[in-house]
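Dear colleague,

Please find below the structure that I am handing over to you.

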Amino acid sequence: MEVGVQRRGSVLKRLGGSLLGCKEIGAVVSFGIVFLSFSLLIPDKFLTLRALESLLVVATRTGLLAIGMSLLLISREIDLSVGSIYAFIPCVAVSLIIYVGLPEIVAFALALGVAILMGLLNGVITTKVPLPSFITTLGFMMVWRGIALGIWLAWPMSYEGTSLFMSIVGGKFIGRVFNFSIVWLLLAAIFLWFLLEKTDYGNWVYATGDKEESARALGVNTQKVKIINFVILAFLTGVSGLVQFSRLGLAIATEGVGLELEAIAAAVIGGTSLLGGYGTIWGAILGILLISMLTVGVILAGISTYWYRSLIGGIIILAVAINRRLLR
Amino acid sequence: MEAKKRPLLEIRNVSKSFKKIRALKNVSFVVYKKEIIGLVGDNGAGKSTLIKIIAGVFPPDEGEICFEGKKVQFSSSKKTRTLGIETVYQDLALFENMNVWRNIFLGKELGECIGPIKFLDSRKMGKESRTIVKKIGLTLPSIEASIRTLSGGERQSLAIGRCLHFGAKLLLLDEPTSALSIKETEKVLESIKKARDLGFSIIFITHNLYHVYPVADRFIVLSHGVKTGDVKKEKIIIEKLAEMIRGHTLV
């Protein structure tokens, strides 16, 4: 009988251990708390299809940045310039369409090419000079924002694309019934998850962030890994900008201020370590769903939207604290 | 003299400076097959620099390295590994958050290449990892267990097993016993001897003479970047060797 008790204890302990050993636990718990709170407080507004649609649209916007940021953080670098890139790329696209007269699809492709170049600059300067990525990307955050405001000023440029291409990019798969732009986030997340977990490249990303010198000693080109991660993040940021541009028919150089911090917050809430070597794509998705739920819930509850930032701040501390305390 | 075996590794007049500091000055020595070399010296003697040059992490400023009679062209550590020179670093080069098979195959992943991306064959790597773990006498809960759950000795044995599996001819062990308990150290020394008996050559870097003395066949002594001794074990007692490292005895 005693043996049986012991075994049950160990099974429970093991189950608990594996549950608590999962670094997304903080996000899961916080998610549960926030979801329950809104569901109980404003069930008639929160538990609706409209609320879900808003939540998914908001999640897609920052989520594309958050999963790329997670990848970059795992390799132990950070990118503060993505908020500016997010504003810059749609401005490039709309200018190419309106002033140069290029077809939408070509303009979008060229704009994404610009995003890739921006990521490349971040990565090459960070790894080759070398500089801390905090400095490189802080610099480019101001450079791109300054150039964008210099060229396009702070005026909104509207371009209501009615083409099938723009509708699809904007997530309007079935007219205006429900916005499906979340599909882009899911596709990108599946791709990144696959890259991280199922390919040799993913192995190198984790190793680079964990112990860069050891990884290099084992033949991993850690600089290349980091540069590629900067490029992937900048590319996804461009995609996010273009999805929102297609959805709203509007580009403005003042967009996305502070978006980089929200992306970092989502990644960290989802269990990604700022010290590199650990993190998951689904954790970042969970983090961004949590942030989006707060954003939407606060608006629906009729609370001033100014409050929601302080709530997110609290959640960041809560989620990471739960991770830390439970993992020790 | 002529009857001597052909050396596996030959270091000729290697020098290396970092900015204004000369880390190595004109170091030469040879390593034969099935031999354990104790590379000893105090902290800052240039042991780690020398090992990194042999491993191909960076090139020497002067001098050359021959492996199996052929001159080694410096290119990268990856290239050096394909020659058969494997390093087990001080911090083991194991990645704490990654599992056993991901660690064993890091940088040498198995899988199908489609375009620039290689899709991991986790089943094959898991299976081979289990064989490796068995061969070095380890019992692990799971091949999916992350390295952070293993003890220091288990990590060390795993790191050595990884090298043996990949057909290394020369193992470079950088302070393999520095963080281990006495019992675990003994096990690791045992696996080093086993590796030699299987036909591997080993350069064992340490400043702890009591760990290296029982297993080494020959000692190379470094002091301030200069080779100050190259003696067979049967010709020297441990106290004498300690004096050489301190640099008091050479007249």
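A:Leu153 counts as exposed because it has 12 C-beta neighbours inside 10 Å. (A residue is buried if 20 or more other C-beta atoms lie within 10 Å of its own, exposed if 12 or fewer, and partly exposed in between, with C-beta atoms placed from the backbone.) The phi angle of A:Leu153 is near 55 degrees, a positive value in a residue other than glycine. This residue lies in the loop between helix H7 and strand E1 (157-158) of chain A; helices (H or I, at least four residues) and strands (E, at least two) are DSSP runs, numbered from the N terminus.

The model is predicted: local features need pLDDT of at least 70, side-chain atom pairs count only at pLDDT 80 or more, and totals for chains, interfaces and linings use all residues. Residues are numbered from 1 along each chain as its sequence is written, while chains are lettered from A and ligands numbered from 1 in the order in which they are written.

Chain A as a whole

Chain A contains 15 helices and two strands. Its C-alpha atoms fill a box of roughly 80 × 60 × 30 Å along the principal axes. Of the 328 residues, 50% are buried. Among the contacts in chain A with a separation of 6 or more, 79% join residues 24 or more positions apart (two residues are in contact if their C-beta atoms, placed from the backbone, lie within 7 Å).

Helix H6 of chain A (residues 104-128) has 25 residues and reaches 36 Å from its first C-alpha to its last, close to the expected 36 Å at 1.5 Å a residue; the expected span is 1.5 Å times one less than the number of residues. Its buried residues include A:Ala107, A:Phe108 and A:Ala111. What covers the buried residues of H6(A) includes helix H5 (82-98), helix H7 (133-152) and helix H12 (222-248) of chain A.

A:Pro130 lies in the loop between H6 and H7 of chain A, and the peptide bond from A:Val129 to A:Pro130 is cis, with omega near -15 degrees. A:Arg76, in the loop between H4 and H5 of chain A, has a positive phi near 70 degrees. A:Arg76 counts as buried because it has 21 C-beta neighbours inside 10 Å.

The core and a buried glycine

Which residues have the most contacts inside the largest nonpolar core? They are A:Ile67, A:Ala93, B:Leu171 and B:Phe204, in a core of 157 residues. H12(A) gives the largest share of this core, 14 residues. (A nonpolar core is a set of buried Ala, Val, Leu, Ile, Met, Phe, Trp, Tyr and Cys residues joined through C-beta atoms within 7 Å.) Not counting residues up to four places away in sequence, A:Ala93 touches A:Ala107, A:Phe108, A:Ala111, A:Leu242 and A:Phe245.

A:Gly63 sits in helix H4 (residues 49-74) of chain A. With 30 C-beta neighbours inside 10 Å, A:Gly63 counts as buried. Leaving aside neighbours within four places in sequence, A:Gly63 is in contact with A:Leu185, A:Ile285 and A:Ile288.

Chain B has an open sheet of four strands in the order E2-E1-E4-E5, with antiparallel pairing; two strands pair if DSSP finds at least two bridges between them. The edge strands are E2 and E5 (70-71) of chain B, each pairing on one side only. Seven bridges join strand E1 (residues 9-18) to strand E2 (residues 21-31) of chain B, and B:Lys16 stands opposite B:Leu24 in E2(B). In the hairpin of these strands, with two residues between them, B:Lys19 takes a positive phi near 50 degrees. Five bridges join E1(B) to strand E4 (residues 62-67) of chain B; there, B:Glu10 stands opposite B:Cys66.

The contact takes 23 residues from chain B and 17 residues from chain A. On the side of chain B that touches chain A, E8(B) gives the most, with four residues. By class, this side of chain B has 10 nonpolar, six polar and seven charged residues (Ala, Val, Leu, Ile, Met, Phe, Trp, Tyr, Cys and Pro count as nonpolar, Asp, Glu, Lys and Arg as charged, and the others, Gly among them, as polar).

Yours sincerely
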